[in-house]
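Please read it alongside the sequence and the coordinates.

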Amino acid sequence: MGHPGVRAKNAPHLTAAAARLLADRGAALVGIDSVNLDGMAGKERPAHTILLAAGIPILEHLTGLDQLPATGARLHAAPPRIRGCGSFSVRSYAVLPD
């Protein structure tokens, strides 16, 4: 995953307050280079709940973000058309500027 050697229970994640701030400020999508957007110590998933209720898609397990330029890259995330799943893998990639 994005942080080799980090166990799921102590992996970087968003707090509920951070998720609310992103939703309130109109985020179009939230991605993270970690195992899960929420902390894994408990069973609650406040960041998922807040963002998905606001209609904001989530991308997890992103890698190689440090290789992207500071500006100009375009994100593409192509999900299959599947209904009834809580989550599903997508092919995420960046198109770099010329």
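## Fold and overall dimensions

The protein chain has 2 helices and 4 strands, where helices (H or I, at least four residues) and strands (E, at least two) are DSSP runs numbered from the N terminus. Along the sequence these elements follow the pattern α-β-α-β-β-β. The radius of gyration of the protein chain is 14 Å, close to the 13 Å that the globule rule gives for 98 residues, so the chain is as compact as a globular protein of that length; the radius is taken over C-alpha atoms, and the globule rule is 2.2 Å times the number of residues to the power 0.38. Taken along the principal axes, the box filled by the C-alpha atoms is roughly 45 × 30 × 30 Å.

This is a predicted model, in which local features need pLDDT of at least 70 and side-chain atom pairs count only at pLDDT 80 or more, whereas totals for chains, interfaces and linings use all residues. Residues are numbered from 1 along each chain as its sequence is written, and side-chain values use heavy atoms, with hydrogens and water left out.

## Burial, surface and contacts

Of the 98 residues in the protein chain, 18% are buried; buried means under 20% relative accessible area, exposed means over 50%, and partly exposed lies in between, with a 1.4 Å probe and protein chains only. The accessible surface of the protein chain comes to about 7,200 Å², and 53% of this surface belongs to carbon and sulfur atoms. Accessible areas come from the Shrake-Rupley method with a 1.4 Å probe, and for residues only the protein chains shown count as cover.

Among contacts in the protein chain with a separation of 6 or more, 55% are made by residues 24 or more positions apart, a contact meaning heavy atoms within 4.5 Å.

## Helix H2 and its surroundings

Helix H2 spans residues 46-53, and its buried residues are Ala47, His48, Ile50 and Leu51. These buried residues pack against helix H1 (16-24), strand E1 (30-31) and strand E2. After H2 comes Gly55, whose phi is positive, near 75°.

## The largest pocket

The largest pocket has a volume of about 1,100 Å³. On a 1 Å grid over the protein atoms alone, a pocket is an open set of points where a 1.4 Å probe fits, with protein on both sides within 12 Å along at least five of seven lines, and lining residues have an atom within 4 Å of a point. Grid points are joined across faces, edges and corners, and the volume is the space filled by probe spheres set on the points.

The lining of this pocket consists of 36 residues, of which Ile58, Leu59, Glu60, Phe88 and Val90 lie nearest its centre. At least two lining residues are supplied by each of helix H2 (46-53), strand E2 (58-59), strand E3 (74-78) and strand E4 (91-95). By type, the lining divides into 21 nonpolar, 12 polar and 3 charged residues; Ala, Val, Leu, Ile, Met, Phe, Trp, Tyr, Cys and Pro count as nonpolar, Asp, Glu, Lys and Arg as charged, and the others, Gly among them, as polar.

His61 is placed in the loop between E2 and E3 and, at 35% relative accessibility, counts as partly exposed. Its phi is near 65°, a positive value in a residue other than glycine. Most residues other than glycine have a negative phi.

Ser87 sits in the loop between E3 and E4 and is exposed, with a relative accessible area of 62%. Ser87 and Leu59 are 28 residues apart in sequence, and their C-alpha atoms are 9.9 Å apart in space.

His13, found in the segment before H1, is partly exposed at 42% relative accessibility. Not counting residues up to four places away in sequence, His13 touches Ile32, Asn36, Leu37, Asp38 and Gly39. The C-alpha atoms of His13 and Leu37 are separated by 5.0 Å, although the two residues are 24 residues apart along the chain.

Val35 lies in the loop between E1 and H2 and is partly exposed, with a relative accessible area of 24%; Val35 and His13 are 22 residues apart in sequence and 8.3 Å apart, C-alpha to C-alpha. Met40 is found in the loop between E1 and H2 and counts as partly exposed at 24% relative accessibility. Between Met40 and Asn10, which are 30 residues apart in sequence, the C-alpha to C-alpha distance is 7.2 Å.
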